[in-house]
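Welcome, and please open your viewer. We will go from one selection to the next, with a few words at each stop.

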Amino acid sequence: MKVPIIMLGSVSELQGYIDKTQLTEDLGGTLDYCHNRWLSRRTAIEGFAQKVKQTAQILQSFGTELAETELPSDVQSTSSLLATHTEKKDKMKEDIRLAVEQGDDILGSITQPVTENPEYKLNQDQLDNQTTVERLLAQLHETETAFDEFWIKHQQKLEQCLHLRNFEQNFREVKAALDIVSERLSAFTDVGNSCSHVEHILKDLANFEEKSHETVAKARMLASEGDAFIQSNHYAMDSIIPKCSELHHLCDAFTTETERRRNLLNKSLELHGILEKSMKWCDEGIYLLASQPVDKCQSQDGAESALQEIEKFLDTGAGNKIKELNKIYREYEHILSEDLKEHVQKVFQKQESMEEMFQKRQVSLKKLAAKQTRPVQPVAPRPEAFVKSPCTSPGLQSEYGSSSESSALRRVNYRRGKSEMTELHQSRGGSAMDDEENLAVLRQHVINELIETERAYVEELLCVLEGYAAEMDNPLMAHLISPELQNKKDILFGNMEEIYHFHNRIFLRELENYIEYPELVGRCFLDQMEDFQIYEKYCQNKPRSESLWRQFSDSVFFQECQRKLDHKLSLDSYLLKPVQRITKYQLLLKEMLKYSKNCEGAEDLQEALTSILGILKAVNDSMHQIAITGYDGNLSELGKLLMQGSFNVWTDHKKGHSKVKDLARFKPMQRHLFLHEKAVLFCKKREENGEGYEKAPSYSYKHSLNMAAVGITENVKGDAKKFEIWYNAREEVYIIQAPTPEVKATWVNEIRKVLTSQLQACREASQHRTLEQTQSLPLPASSCTSPSQNHIRNTKKMEEKKADLTSQEVYGITAAPKYPEKGKGWSKTSHSLDASEENDGWSSAEDPLNSSDAEEDGGGGGSEMKLTPGKYTVVTDYEKGVAEEFTVKSGDLVQLIREGEDGLWYVKNLSTGRDGWIPASNLLMLIGNSKSAQSLSSSESGTASSTLSTSSSCSDSCNVSSTSFSDIKG
């Protein structure tokens, strides 16, 4: 087929062949068509179609992934999964949004001519493109809608899963907390042993309930949350319903059990109130019986008055006593434990015993009142009077009647008098028995008060330790404690925990063992006396505790603790409880001793009272000791603190200017003395300004004296309150004036004990050395005893003597030496202030029995008197024997039995029963010139003066005492 080809040279020629409507605008026609635009539009439509297809595939794939995802089993995984899926969903939604924008742009470009010119008509190609784009957009919208619906379901499921996991986790936590509070609630089994104890338990229960309220509220809120899940058709309803039921059950059970425990405690409080009212009524009755003096009740008015008092008191029993024991058992059956039931029985028995005592007293008083109303009967003369009378005058016969009538009358009067006397004796005997019963009841009252207050004391200590001390370590309370208060619990509370454990674990339990034997409670105190020393440590720390409390008393921490404990008093009042308690014991012991003077345990009670007072004194002394300032050494190295007190002190020293000495005599110094075992300290008392313990005085250290070089003179002329303490053979003399003669006597006795113990230690060392030296020397032979037997006997005697040294104290008494030697014999009393100061000189430096002066006095008359067997009176003390420590004292009666070899006499001390060998020269000194020789005195006033001094050192004294046998003989 041949197609004609026409070559055109211009557009106009083309228009000649083709109509303008079929030509595009660039060829001069009117046809709206651009090929480039068509290509670009077609390309855009095909790209959009591909985009829609890919989006649909991605959404379908994502939906499949979501549908196949397993739900996690924990909160964190569920939250992470929900966040991941939400992020992917948001990305998909963003892609869809972009695709929709792309389709809208393509559709807008297609319909743009119509938008610009409403009369414009799209050609077929444009219409086809418009239809294609609209169809793709509709498909995209449908895909997006389907995905949104799927996502809503998937998201809801994930959110429900997350809620479920949160619910399950909270359920586990709340259930664990409920189990803990339920377990703690189950520990409230104690119904108390007194009203105060029950009230304390009720407060604890209320505090516990308040603290547990938050846990129960969380449980109920969680249960309500679970109910809401069930109402919203949660997919895991089968798992939520049992948990909600369990939470409701636990909360209701806790509330019910708490209310039940509270009701039981209220019943217990009611029962203990009844018991305490009954006990109080019994105690008042007992005091009433004890307060009625027996002598006043012998008169009619006194008996009637006592009866009225008893009847008036018994009328008050209607509202106070227990009427029916079985009714109490029935009404309080649920709280009656074995111990409480036993307590109820004891109270009821006490009530019955008291009522029985009242009945006996009423009977006795009624008898006494009735006796006073009887008419006075005439008493006939004694039968002996009628027998002795030789005849009877008519007047007498008419007055008394016949002899038979008189005899009958006499018999009646005699029987009546005898009956009245018998009743009177029975009444008095009954009164004595009543008095003993009253004392027993009073003892029981004291032991009850002791035990009840001890229990309350233990509870108060525990309350402080748990409510304050433990809270200082509680992390939840740390924000309330200021930094300055942290780590200072030991300062604030001292050793209160140690005190609590002692009383709770040991002392209270021991006290309860004596409730049936109150008069023996002194033994309980004596057995635990060493443990009471812990109070000294607490009291010594009290000033630091008091100072710390004043700094932080306004702390929010202490206020919060006080609020939780519901205490009306602040902490400082409870920190004072141990100090108050240790002082309370001596008052209770005094009361018990007053009612137990004729009982078995009276001696133990007295000893316990003395020991407690000693502890109080030691505590008081230690409080003063810790206030000493300026002492460079260690006070503990000075030994036990024995005494402390304030005195006026004058000084009189050999060394120094005479004017200073004269001034010192007339101007006393105020000094506070501390007597230790090894030294006496002189301090100046300084009052401090402040409050509480800060107001306590301090003591500025001035100087001290070593007790090894100290002596005392007990009496100073002109003042019964003065005594002397002198140092280094009176180189330093301190005249001490006590506040009272009694204080002086106490100090002198205590110093004497210290010096005596030092001398005793020196003597023991000396005697031990002498024993070692003399054991190897031969003893004088006896005509009836072999040397070996004599040695065995003497050795045995030496051992017995050594064992007795600790219990026997001997002080040498001898005449004042004419020529005293330094370090020996009596102290140089010529330096005392007046003659009376030479009396009663005590020191532990010089042993007069071992001095040369004593030997000179003894040997002075040895050649003028011949010793013969017989009985003699010792005029001076002697402590040395041969191969044994034979001792005689001034005034002892001794018997000279026989003379042995080497000038030794075998002597028996008839006063002590001991015997031994004594050199004749020493014996002459001991017995003087006659058998009735009197002991000599060392002072002008006749007062015995004994010196015990260690001023020349203990070792020198011991060396002097260890003179060998050969020296004695020479």
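Helices here are DSSP runs of H or I with at least four residues, strands are DSSP runs of E with at least two, and both are numbered from the N terminus. The expected span of a helix is 1.5 Å times one less than its number of residues. You are looking at a predicted model, in which local features need pLDDT of at least 70 and side-chain atom pairs count only at pLDDT 80 or more, while totals for chains, interfaces and linings use all residues. Numbering starts from 1 along each chain as its sequence is written, and side-chain values use heavy atoms, without hydrogens and water.

Select residues 577–594, which form helix α20. Its 18 residues reach 26 Å from first C-alpha to last, close to the 26 Å expected at 1.5 Å a residue. Now colour its buried residues (buried means under 20% relative accessible area, exposed over 50%, partly exposed in between, with a 1.4 Å probe and protein chains only). Among them are Tyr-585, Leu-588, Leu-589 and Met-592. An α-helix has 3.6 residues a turn, so residues three or four places apart point the same way.

**Second stop: a residue in another helix.** Move to helix α10 (residues 338–371) and pick Gln-362. Is Gln-362 buried or exposed? Its relative accessibility is 14%, so Gln-362 counts as buried. Next, show what Gln-362 touches, where contact means heavy atoms within 4.5 Å. Leaving aside neighbours within four places in sequence, Gln-362 is in contact with Leu-307, Ile-310, Glu-311 and Leu-314. Ala-303 lies 59 residues away along the chain, and its C-alpha is 9.2 Å from that of Gln-362.

**Third stop: a sheet.** Two strands pair if DSSP finds at least two bridges between them. Find the open sheet of four strands, ordered β10-β11-β12-β13 with antiparallel pairing. At the edges stand β10 (870–873) and β13 (915–919); each has a single partner strand, so one side of each is left without a neighbour in the sheet. Zoom in on β11 (residues 893–899) and β12 (residues 904–909), joined by five bridges. Leu-896 stands opposite Val-907 in β12.

**Last stop: the whole protein.** Zoom out to take in 28 helices and 13 strands. Of the 970 residues, 42% count as buried. Among contacts between residues at least 6 apart in sequence, 71% join residues at least 24 apart.
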